[in-house]
There are 2 protein chains.
Amino acid sequence: MLPDRLLRVVQLLSKLPGVGEKTAQRYAIALLSADESVARELGRALAELHDNVRPCAECGNIADVREKGEAAICTICRDSRRDASLLCVVARVQDLFAIEKSGAMRGKYHVLGRLLSPLDGVGREQIGMDRLLERVTSNDVREVLVATPPSVDGEATALLISRELGAHGVQVSRIASGVPHGGDLEFADQITLGRAIEHRRRFSF
Amino acid sequence: MLPDRLLRVVQLLSKLPGVGEKTAQRYAIALLSADESVARELGRALAELHDNVRPCAECGNIADVREKGEAAICTICRDSRRDASLLCVVARVQDLFAIEKSGAMRGKYHVLGRLLSPLDGVGREQIGMDRLLERVTSNDVREVLVATPPSVDGEATALLISRELGAHGVQVSRIASGVPHGGDLEFADQITLGRAIEHRRRFSF
């Protein structure tokens, strides 16, 4: 019932994560009802998105392309005040953003892009283990903090990284897992509580 | 922390209804991670949206622009099998889609675009009362079914239309309001139940 070219917009919008046909239709109609300039500017920005923004050639974070055809390097990798001897390994760019917001990480990052998942055919090669190994050994990295999520795949990935880098004499650490800040013990799951107790820390005065 | 040109995409995406900064960021990163062609095609489609799709010059429904510069007429207005003597007045294009899906309307439509709302300065002029009046009287419309929502503004709009068109001898009807199909009486609100009883119908055999 929708005009063909609006239908095409709806189909493309429903490729966004968590967007079904109904929501996509709502977005399309909103863009149609709003001022022309919004759809036009968004359209142009999206059409050029992949020309303007690329993964950082160094760490995999998102980076502005400064000159066309040039490799993009992100602001974190370009920041010389960052501690280059501390490398934080994350699964996704979003995780990097979350850690940056916490302000607790003063080193650099390495984005894997995905987690080990042997059943889906994602092995050490697919997560770029050799690239990480090369980056760590050639850049004099002292400590690698593995900040993959505390899930089955995340733990497997962390284990692989700790083994391979450990064999090269690099110190590998893992983010703590336990009851979240402000969380209620009553509603924490068994595994989280088990970890919180297992990984308990001594008070130091 | 996001690159400038990605940030611009996030800002534009967060103008979509119900989309906050976090969701917009998720959409932008998804488009960046997906194949280039998705962002490019969506971008082009959006940039051209207002050139390709316009409100129907007749009823306000969404219509494909067939030839550039020409007034757009929607498929419903072009369909000669539709009963032109029955006109269904709706507030928004989405409402038209919902009614079309029900299959119960065999006439044509008139989209107001907005409801009467004197406090927001929306009066008879802003809802295009004269345009509706002219359309009804010059097209030999026998019955106007007002399908604005059963809200305060929707009822006020329906009342205005029934008065003005009634004064011109046009038969005006209103969609029924009551307990929805499959609805539970226990959970229906008082006004809905009150209406369902007040507007009760006789069984006819």
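Buried area is the accessible area, taken with a 1.4 Å probe, that two parts lose on being put together, summed over both. The legends below describe close-up views of a predicted model.

**Figure 1. The interface between chain A and chain B.** Together, chain A and chain B bury about 5,000 Å². Carbon and sulfur atoms account for 69% of this area. Three residues, Met1(A), Arg5(A) and His50(A), supply 14% of the area that chain A buries against chain B, which is more than any other three residues. Counted by contacts, 49 residues of chain A meet 49 residues of chain B.

**Figure 2. Helix α1 of chain A against helix α3 of chain B.** Helix α1(A) packs against α3(B), which spans residues 36-47 of chain B. The two axes lie 10 Å apart, at an angle of about 145°. The crossing of α1(A) and α3(B) is left-handed. On the chain A side, the residues in contact are Arg8(A), Val9(A), Leu12(A) and Leu13(A). On the chain B side, they are Glu41(B), Leu42(B), Ala45(B) and Leu46(B). Sorted by class, the contact of α1(A) with α3(B) has 6 nonpolar residues, 2 charged residues and no polar ones.

**Figure 3. Helix α3 of chain A against helix α1 of chain B.** Here α3(A), residues 36-47, crosses α1(B), residues 4-13, at roughly 145°. The axes of α3(A) and α1(B) come within 10 Å. This crossing of α3(A) and α1(B) is left-handed. Chain A brings Glu41(A), Leu42(A), Ala45(A) and Leu46(A) to the contact, and chain B brings Arg8(B), Val9(B), Leu12(B) and Leu13(B). Of the residues in the contact of α3(A) with α1(B), 6 are nonpolar, 2 are charged and none is polar.

**Figure 4. Two helices that pack within chain A.** Helix α1(A) covers residues 4-13, and helix α2(A) covers residues 21-33. Their axes come within 8 Å and cross at roughly 125°. Angles from 65 to 115 degrees count as roughly perpendicular and those over 145 as roughly antiparallel, so α1(A) and α2(A) are oblique to each other. The crossing of α1(A) past α2(A) is right-handed. From α1(A), the contact takes in Leu6(A), Val9(A), Val10(A) and Leu13(A). From α2(A), the contact takes in Glu21(A), Ala24(A), Gln25(A), Tyr27(A), Ala28(A) and Leu32(A). The residues of the contact of α1(A) with α2(A) comprise 8 nonpolar, 1 polar and 1 charged.

**Figure 5. The surroundings of Leu160(B).** Leu160(B) sits in helix α8 of chain B, which runs over residues 152-166. Leaving out residues up to four places away in sequence, Leu160(B) touches Leu116(B), Arg124(B), Ile127(B) and Met129(B). Ser117(B) is 43 residues from Leu160(B) in sequence, and their C-alpha atoms are 12 Å apart in space.

**Figure 6. The domains of chain A.** The domain assignment divides chain A into domain 1 (4-49), domain 2 (81-174) and domain 3 (178-205). Taken over C-alpha atoms, the centres of domain 1 and domain 3 of chain A are separated by 44 Å.

Definitions and conventions:
Residues numbered from 1 in each chain as written. Chains lettered and ligands numbered in written order. Predicted model: local features only at pLDDT ≥ 70, side-chain atom pairs only at ≥ 80, totals over all residues. Heavy atoms only, no water. Domains from an automatic or database assignment. Axes fitted to C-alpha atoms, helices over the stretch in contact; angles between N-to-C directions. Helix = DSSP H or I, 4+ residues; strand = E, 2+ residues; numbered from the N terminus. Parallel < 35°, antiparallel > 145°, perpendicular 65-115°, else oblique. Left-handed = near helix turned anticlockwise from the far one by under 90°. Contact = heavy atoms within 4.5 Å. Nonpolar A, V, L, I, M, F, W, Y, C, P; charged D, E, K, R; others polar.
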